[in-house]
Amino acid sequence: MGRLKRGISILFLLMSANFAFAQAYDQKVADYILKVEHPLTFLQKIEKFGIKEPGKKGLDSTFFWLKELIEKDGYKTVTQNFVYGTDTLRNLLFSKKGDIDSCIIIGAHYDSKIGAGVNDNGTGNFALYQIAKLLKPLQTKYTVRFVFFSGEEIDYLGSRYFVKTLNKDLVKIKFMLNLDQLGGTKDQDNTGIKCERDEVSSKKVESNLLAESMSKIYSFYTNLNPVITPAYSSDYLPFRDSGYLISGIYQYSSFPYYHSENDLLRYIEFNSLVSTTKGAVAFVLYHSQSQIISGIVANRPKSQNLNVYFTGSAFVIAGNETYEFSVFDNLGREISIEKELISDNKVSVQQLKGGVYYANFKTKTQSINIKFFVQP
Ligand SMILES: [Zn+2]
């Protein structure tokens, strides 16, 4: 095929590779995540169901309750059964269909060990539920697949089974996000949040970008101080070990009562759990490329796409849609510059000082982010 085609595909690669960097504060996202609910009622239920180990009633009750909650929000669920000794354990699957099938998988285990598991992992279940609920009315580019895993406390049985039975040719996975023990802990330092990355597999560079993007989102939209830490001992590991890109969120405070009878509501600090959940929602809104207009479903008319590329001193814009153009610095602050329109399809940025910047081109149907470098 011709040279032109190849040029276009290279352009798309560059744009998607740079997407993770190009993040700017968005007031609509900040407004939308205010819809995150207070976790009290949810966690009371988790506590009431008691121990969620195989063979215990609490495991089944939690499963059926989560299934009912999710279905009430308009999702269709699928139960994935797998055998453990004489028991049958269940993963609960559901998904939010995007414009394309390529997906983000969000997982949180609902089984517990020894105690009721309000922190481990009622807090992760709460966040997953809030993400699902808030994403439901929005249009997203990427499909988001949610999984409540069972058997995490038995060497990640549920996530192992899920990964093993995935049809790798059919399911294109952008990344897997794990939600396990989101805190906070009463009477401890809850000012931070751990953004987790894979530090061992061949995907570690991309995973670091994902964790950096998460940390940026937490700085933009919450009062939590993000720290980047290695992915450790949870359901993302079977995904990592099968070659998938992963990230996770983990509480900053240590929780002294995990895997004990004292993993109870009375040790949970709610404010930081709400902030952690808000950041998680913002992260998913961003990476699923959701359309938010004041929390109302955006109408995305099918129309011509805008293609943009950077020449080193100017942006060349292909397509005939009208667009808004903004430039941000490394910290996400908008730079007001005289936007020098060379022609209808060429914008110069020569007046910028040397450094790294992010450009955003917004049309009625698209938001294109491009990281670019101006020579000093
Ligand atoms: Zn856990």
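Colleague: How do H3 and H5 lie to each other?
Modeller: H3 and H5 are oblique to each other, a word for angles left over when under 35 degrees is roughly parallel, over 145 roughly antiparallel and 65 to 115 roughly perpendicular. This is a predicted model, where local features need pLDDT of at least 70 and side-chain atom pairs pLDDT 80 or more, while totals for chains, interfaces and linings use all residues. Residues are numbered from 1 along each chain as its sequence is written, and side-chain values use heavy atoms, leaving out hydrogens and water.

Colleague: And what angle do they pack at?
Modeller: Helix H3, residues 40–49, packs against H5 at about 140°, and the axes are 10 Å apart.

Colleague: Which residues meet there?
Modeller: From H3, Phe 42, Leu 43, Ile 46 and Glu 47 meet H5 residues including Val 118, Gly 122, Phe 126 and Tyr 129, with contact meaning heavy atoms within 4.5 Å.

Colleague: Where do Asp 120 and Asp 180 lie?
Modeller: Asp 120 lies in helix H5 (residues 118–135) and Asp 180 in the loop between strands E6 (173–179) and E7 (192–197), so the pair ties together parts 60 residues apart in sequence.

Colleague: Is Asp 120 buried or exposed?
Modeller: Asp 120 is buried, with a relative accessible area of 2%, and Asp 180 is also buried, at 6%, where buried means under 20%, exposed over 50% and partly exposed in between, with a 1.4 Å probe and protein chains only.

Methods
Helix = DSSP H or I, 4+ residues; strand = E, 2+ residues; numbered from the N terminus. Axes fitted to C-alpha atoms, helices over the stretch in contact; angles between N-to-C directions.
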